[in-house]
Amino acid sequence: MGKDVYYITTPIYYPNDVPHIGHAYNAVATDFIARYHRLRGESVFHLTGTDEHGLKLQRAAEAAGMEPQRWVDEMEPRWREVWARLDIANDDYIRTTEPRHRRAVQRLLSAVYDNGRDDIYLWTYEGLYCVSCELYYTEDELVDGKCPIHERPVERVSQENYFFRLSAYADRLLEHYERDPSRVEPETRRNEVLSLVRGGLLDFSISRTNFDWGIPLPWDPKHVCYVWFDALTNYITAAGYGSDEQRFAALWPANIHMIGKDILRQHAIYWPAMLMAAGIEPPTQVWAHGYLTVGGKKMSKTNLTGIHPFELIDHFGVDSYRYYFVREIQFGQDGNFSWESMVDRHNADLANGLGNLASRILAMLGSSFDGMVPEPEAEGVAGDLPALTADVARRYEKHMAELALTQALAAVWEIVGRANGYLVERQPWTLAKDEARRAELAGILYASAETLRILAILIEPIMPGAATRLWEQLGIEEPLEAQRLPGASAWGGLRPGTKTVKGDALFPRLDS
């Protein structure tokens with residue numbers, strides 16, 4: 001695959017958690033980025049999966065009267081189903097109970113344990129522990145005595161654990177981020193990481209003895225691996241660490257770990273330090289997006305605000321779902337979801353905007369030219385559409401390179417708005433009644449159909465289903481998946497004589 005493989009990951013999720021739209025927000029954004037890079041003709045490796053070890057899952061299995069492996073085997077398919085319904089085109093799906101992962105975790109542990117710096121040591125520790133986070137907290141980190149993330153009581157735990165000497169890596173982490181500040185984005189999250197590192201790092205436990213559902217430490221099998229040391233390793237497991245060194249060299253380091261800001265500490269402090277201790281290069285970038293909120297509270301089942309993606313997909317459709325969350329919520333910041341805003345965005349941008357544009361153009365081609373794309377004989381009829389589409393395509397690529405996803409979609413919708421305005425100004429339905437102006441009508445409809453072609457290419461990464469339907473209605477023989485930016489967005493790619501068809505509405509209007 002070569003060193004230019006674009007490797008992007010989502011976090012891996014507990015299989016017994018109920019998927020909600022906060023999880024899906026991360027997955028859709030990551031898929032948007034991955035599909036965009038494929039559209040550019042790049043090799044892409046997109047990873048997701050499930051995190052299946054730890055005390056939380058063992059307790060859930062015991063409550064259900066089942067062995068942990070059987071429990072996770074029954075729970076895990078719900079995540080594959082969600083990703084399939086969301087059109088997530090991941091290249092690999094990892095489960096941390098797979099043999100390949102066990103081998104990689106034990107190899108990483110051994111590499112750190114044997115590095116000659118005593119980075120792993122045995123110690124008895126007592127502290128306040130959140131089972132849901134699988135993290136220890138200090139008293140001042142709690143909120144009203146509860147976990148600041150899950151708002152649940154913590155447990156006081158005392159046990160003999162192996163610890164990782166995180167405190168020894170503060171200077172290396174600071175140097176790592178000062179050398180390339182873009183390693184953590186956006187800037188607010190980078191500042192948070194730097195503040196934590198400069199404030200002093202505490203060593204963290206990498207093993208447990210109070211449960212056995214996990215991967216045994218290779219030098220002391222009485223201890224099972226702490227879930228974060230286990231879970232984070234998935235990113236190098238899938239890349240081939242411990243199983244395929246040629247593949248690992250081709251894929252690693254990951255270009256982006258796309259995460260929620262609640263697991264920033266683990267991904268931007270624990271993880272690079274662990275890799276440094278094992279002599280492995282850290283990921284190129286950790287990108288932490290904000291929370292989805294409902295009524296100002298983070299979306300979660302704990303807060304009783306978890307909305308399953310299917311509730312929205314069944315009503316709005318998957319393309320509207322994927323578009324809404326990236327377009328409505330400024331990517332990287334917290335954003336509030338409401339049903340009303342989703343209806344408004346669907347109707348304004350999709351039904352009345354792109355959908356209406358496609359419907360009018362294809363209907364006019366059908367009634368005036370038997371569905372055939374006409375030859376654009378008249379000069380200057382296209383107006384500012386060629387220049388606008390070229391400018392938007394350029395800005396779209398710039399925004400996507402910067403992961404300014406919301407701005408990228410806003411730029412594309414400048415074309416939608418202008419193309420609808422162009423039809424109102426040119427009024428092809430009036431020209432269709434005047435045979436003497438047929439050449440002008442042909443030019444207008446060619447320009448309009450060519451604009452649809454460019455739009456189909458630019459929306460494919462975020463709305464693959466709608467883009468494919470539009471492409472088919474335009475009757476273009478070359479498959480949409482064969483198009484490549486930047487060349488495919490150049491004006492004039494639609495061949496005259498192409499047979500179009502006015503199909504069903506791309507986005508039916510919703511009344512509620």
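User: In which helix is the place of S320?

Analyst: Please keep in mind throughout that this is a predicted model. The helix that spans residues 318-328 takes in S320, and that helix is α13.

User: Is S320 buried or exposed?

Analyst: Leaving aside the neighbours within four places in sequence, S320 is in contact with M342, H346 and L350. The relative accessibility of S320 is 2%, and because a residue under 20% is classed as buried, S320 counts as buried.

User: How many helices and strands does the protein chain have, and what share of its residues is buried?

Analyst: The secondary structure of the protein chain comprises 19 helices and 16 strands. Of the 512 residues in the protein chain, the buried ones make up 59%.

User: Which strands stand at the edges of the open sheet of six strands?

Analyst: The pairing in this sheet is parallel, and the strand order is β3-β2-β1-β12-β13-β7. A strand with a single partner has one side left without a neighbour in the sheet, and the strands so placed are β3 and β7.

User: Within that sheet, which residue of β2 is the bridge partner of Y6?

Analyst: Strand β1 (residues 6-9) pairs with strand β2 (residues 44-50) in the parallel sense, over four bridges. In one of the pairs that join Y6 to β2, the partner is V44.

User: Which strands does α11 lie across, and at what angle does it run to β12?

Analyst: Helix α11 covers residues 264-277. The strands it lies across are β7, β12 and β13, and its angle to β12 is about 140 degrees.

User: How are α6 and α11 oriented to each other?

Analyst: The axes of α6 (residues 170-179) and α11 (residues 264-277) come within 10 Å and cross at roughly 105 degrees. Angles of 65 to 115 degrees count as roughly perpendicular, and therefore α6 and α11 are roughly perpendicular to each other.

User: Which residues meet in the contact of α6 with α11, and how do they divide into nonpolar, polar and charged?

Analyst: From α6 the contact takes in R172, L173, H176 and Y177, which meet A268, I269, P272, A273 and M276 of α11. By class, the residues of this contact divide into seven nonpolar, one polar and one charged.

User: Which strands stand at the edges of the open sheet of four strands?

Analyst: This sheet has antiparallel pairing and the order β5-β4-β6-β8. Each edge strand has a single partner, so one side of each is left without a neighbour in the sheet, and these strands are β5 (135-137) and β8 (204-205).

User: Which residue in β6 is the bridge partner of G127?

Analyst: Strand β4 (residues 120-130) and strand β6 (residues 155-164) run antiparallel and are joined by ten bridges. For G127 the bridge partner in β6 is V157.

User: Where are cis peptide bonds found, and what is omega in each?

Analyst: One lies between E185 and P186, with omega about -5 degrees, and P186 belongs to the loop between β7 (184-185) and α7 (187-198).

User: What is the relative accessible area of D87, and what is that of Q427?

Analyst: D87, in the loop between α4 (77-85) and β3 (92-95), has a positive phi of about 60 degrees although it is not a glycine. Q427, in the loop between α16 (405-426) and α17 (428-431), is likewise a residue other than glycine with a positive phi, near 45 degrees. D87 is partly exposed at 28%, and Q427 is partly exposed at 36%.

Methods. Residues are numbered from 1 along each chain as its sequence is written. This is a predicted model: local features need pLDDT of at least 70, side-chain atom pairs count only at pLDDT 80 or more; totals for chains, interfaces and linings use all residues. Side-chain values use heavy atoms; hydrogens and water are left out. Two strands pair if DSSP finds at least two bridges between them. Helices (H or I, at least four residues) and strands (E, at least two) are DSSP runs, numbered from the N terminus. Axes are lines fitted to C-alpha atoms, for helices over the stretch in contact, and angles run from 0 to 180 degrees between N-to-C directions. Angles under 35 degrees count as roughly parallel, over 145 as roughly antiparallel, 65 to 115 as roughly perpendicular and the rest as oblique. Contact means heavy atoms within 4.5 Å. Ala, Val, Leu, Ile, Met, Phe, Trp, Tyr, Cys and Pro count as nonpolar, Asp, Glu, Lys and Arg as charged, and the others, Gly among them, as polar. Buried means under 20% relative accessible area, exposed over 50%, partly exposed in between (1.4 Å probe, protein chains only).
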